[in-house]
Amino acid sequence: MEELINRAAEALSRSQHTVALTGAGISIESGIPPFRGKGGLWEKIDPMTFAHIDAFKRDPALVWEVLVKEMKGMIDTARPNDAHISLARLEEMGILSAVITQNVDGLHQAAGSRDVIEFHGNFAWLRCMSCDGRCETREADVAQLPPRCSCGGIYRPDCVFFGEMIPPGALTRSQLAASQCDVMLVVGTSALVQPAAFMPIIAKEGGATVIEINPEPTPLTSSVSDFLIAGSAGPVLSSVLETIGANGSGGASGSTR
Ligand code: NAD
Ligand code: ZN
């Protein structure tokens, strides 16, 4: 593990444009369970079914009850962990250009990351399905489900459900960032959800070094990634950052970004 941490630190120190792709795994240490994987709160339900737009349209009260309300409770109280903080620090150091995140929890921004591309939107807002009016999720009254707008319409989270399109701006910006980076950090994603899982492939084809941080291998591991650091995002990214500091490199700060 130590050798791989050193390899990652070296690659980042040399990098002019690192991009991170993050998934639900990076927020597990902040108390938000992933969709797949062991111990997830949602082992009992099938989130792929419940997080589908057709399920929401069919029975919004049920999807609110079993999935959305639960997520709201967790996201309202979650705080960024060492992994989010390390990525924000790498941006500050001029090493990291952008974070492409599949998460909707807003924890990258809470940690101080400025350039965050939200591939699946954000859970911070609700949107009325009738009049498009918006309401902050934390302000929403969920005593009665589904919560309703003053026009009587049903509020939905303003994030991307399965079966919906990726916001075009987020998709094109992500593709551009992936094609231009020289290092891609792939952190806490099972790489099973498309088209997000395609971003490391774009990076690789553009000549980037692809480094995965995940306790488990993924479909990218033996085919696309240069190497996998098999550990938890928080401790691994903290060690990488410490190693960069110990090697006395401020990264590509002040470079041509
Ligand atoms: P996923 O649930 O499919 O996979 C999570 C991955 O994280 C797994 O590969 C797992 O091995 C890894 N992991 C587990 N513990 C880890 C740790 N401590 N450090 C690093 N990695 C760890 O997640 P996904 O690939 O992001 O896909 C699920 C989709 O569901 C996402 O696209 C996202 O939109 C949504 N989602 C978001 C949140 C959130 O916002 N926090 C939470 C759940 C699901
Ligand atoms: Zn309305």
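**Reading a zinc site**

Student: Which class does Cys 151 fall into by its relative accessibility?

Tutor: Buried means a relative accessible area under 20%, exposed means over 50%, and partly exposed lies in between (1.4 Å probe, protein chains only). Cys 151, at 44% relative accessibility, counts as partly exposed. Cys 128, in contrast, is buried, with a relative accessible area of 0%. This is a predicted model, in which local features need pLDDT of at least 70, side-chain atom pairs count only at pLDDT 80 or more, and totals for chains, interfaces and linings use all residues. Residues are numbered from 1 along each chain as its sequence is written, chains are lettered from A and ligands numbered from 1 in the order written, and side-chain values use heavy atoms, without hydrogens or water.

Student: Which residues coordinate the zinc ion (ligand 2)?

Tutor: A donor is an N, O or S atom within 2.8 Å of the metal (3.2 Å for Na, K and Ca); water is not among the atoms, so sites may look incomplete. Here the SG atoms of Cys 128, Cys 131, Cys 149 and Cys 151 coordinate the zinc ion (ligand 2) at 2.3 Å.

Student: What is the geometry of this site?

Tutor: Four donors count as tetrahedral if all angles lie between 85 and 135 degrees. The 4 donor atoms of the zinc ion (ligand 2) make angles of 105 to 118°, and the site is tetrahedral.

Student: How many residues apart in sequence are Cys 128 and Cys 151?

Tutor: The donor residues are spaced C-x2-C-x17-C-x1-C in sequence. Cys 128 belongs to strand S4 (residues 121-128), and Cys 151 to the loop between strand S5 (134-136) and strand S6 (155-159), so the pair ties together parts 23 residues apart in sequence. Strands are DSSP runs (E, at least two residues), numbered from the N terminus.

Notes
Four donors count as tetrahedral if all angles lie between 85 and 135 degrees; four count as square planar and six as octahedral if opposite donors are over 155 degrees apart and all others between 65 and 115; anything else is irregular. Helices (H or I, at least four residues) and strands (E, at least two) are DSSP runs, numbered from the N terminus.
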